[in-house]
Amino acid sequence: MRADSHENRESDLATAYRYFPDLHSLISEALSGVWPPPAEALAPVADSADPVERTAFACEFLLRGVLAREGAVRAMIAATITRPATATARPGIRFGLIDHALRPLDGTLGVTDPEAFAQLKRDLAVVVSAEALFTLMDLCGLDPQAAVASAVRTATSLTQAAVRTIE
């Protein structure tokens, strides 16, 4: 029975690779469309003008979604590590979430100090990420809930610091 199971998996993979040239393409297709658009994802905080609250929500939303799809996300990261040219094809949900979460700052920090605003977005891209979550879990030994809380705390701190510069 075990041999049959192994043969079935090999057959399934052979079938999948008829349609997808590599693992990255297969996972990318499997993950496409599973994330809602940023406005829909952040609907619960749509009425908030507080970028700190919005960023915390966006971070938690993304990282809980990563946990729900952990195997596929880890495989996607692994595939892009071995083929760096494919990294830009990874789903970029984090960037849309960050942009949408920081919308209240478009007319303030985005106007008065566009470079600081761009730096905040880059800083958040490091924290609001599957890579950060997996570092906190795998290398720092945090359980998934504590890892999410740590990343949210860091994203919140970064955003609070940026908001203080315009107050």
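Buried, in what follows, means under 20% relative accessible area. By that cut-off, the buried residues of helix 9 are A130, A132, L133, F134, L136 and M137. One caution before going on: this is a predicted model.

Let me stay with helix 9 for a moment. Its buried residues pack against helix 4, helix 5, helix 8 and helix 10. Just past the end of helix 9, G141 takes a positive phi of about 75 degrees.

Now the pairing with helix 5. Helix 5 and helix 9 pack with their axes 11 Å apart, at an angle of about 105 degrees. Angles of 65 to 115 degrees count as roughly perpendicular, so helix 5 is roughly perpendicular to helix 9. On the helix 5 side the residues involved are E70, V73, R74 and I77, and they meet A130, E131, F134, M137 and D138 of helix 9.

Next, helix 4, residues 51-68. Its 18 residues, at 1.5 Å a residue, should span 26 Å, and the end C-alpha atoms are 25 Å apart, which agrees. At the start of this helix, a side-chain oxygen of D50 comes to within 2.9 Å of the backbone nitrogen of V52.

Which residues of helix 4 are buried? They are P51, V52, R54, T55, A56, A58, C59, L62, L63, G65, V66 and L67. Their cover includes helix 5 (70-82), helix 6 (93-101), helix 8 (114-127), helix 9 (130-139) and helix 10 (144-164).

In soluble globular proteins, nonpolar side chains tend to be buried together. Here the largest nonpolar core has 39 residues, and L62, V66 and L133 touch the most other members. Two or more residues come from each of helix 4, helix 5, helix 6, helix 8, helix 9 and helix 10. Helix 4 gives the most, with eight residues.

L133 is worth a separate look. Apart from neighbours within four places in sequence, L133 is in contact with L63, V66 and L67, and also with P144, A147 and V148.

Last, a histidine. H100 lies in helix 6. Is H100 buried or exposed? The relative accessible area of H100 is 15%, so this residue is buried. The H100 side chain makes a polar contact with the side chain of R103, at 2.8 Å. Leaving aside neighbours within four places in sequence, H100 is in contact with P38, A39, L42 and R54. R54 is also one of the buried residues of helix 4.

That is where I will stop.

Definitions and conventions:
Residues are numbered from 1 along each chain as its sequence is written. This is a predicted model: local features need pLDDT of at least 70, side-chain atom pairs count only at pLDDT 80 or more; totals for chains, interfaces and linings use all residues. Side-chain values use heavy atoms; hydrogens and water are left out. Helices (H or I, at least four residues) and strands (E, at least two) are DSSP runs, numbered from the N terminus. The expected span of a helix is 1.5 Å times one less than its number of residues. Buried means under 20% relative accessible area, exposed over 50%, partly exposed in between (1.4 Å probe, protein chains only). Contact means heavy atoms within 4.5 Å. A polar contact is a pair of N or O atoms within 3.5 Å; within protein, one must be able to donate a hydrogen and the other to accept it, and residues adjacent in sequence count only if both atoms are side-chain atoms. A nonpolar core is a set of buried Ala, Val, Leu, Ile, Met, Phe, Trp, Tyr and Cys residues joined through side-chain atoms within 4.5 Å. Axes are lines fitted to C-alpha atoms, for helices over the stretch in contact, and angles run from 0 to 180 degrees between N-to-C directions. Angles under 35 degrees count as roughly parallel, over 145 as roughly antiparallel, 65 to 115 as roughly perpendicular and the rest as oblique.
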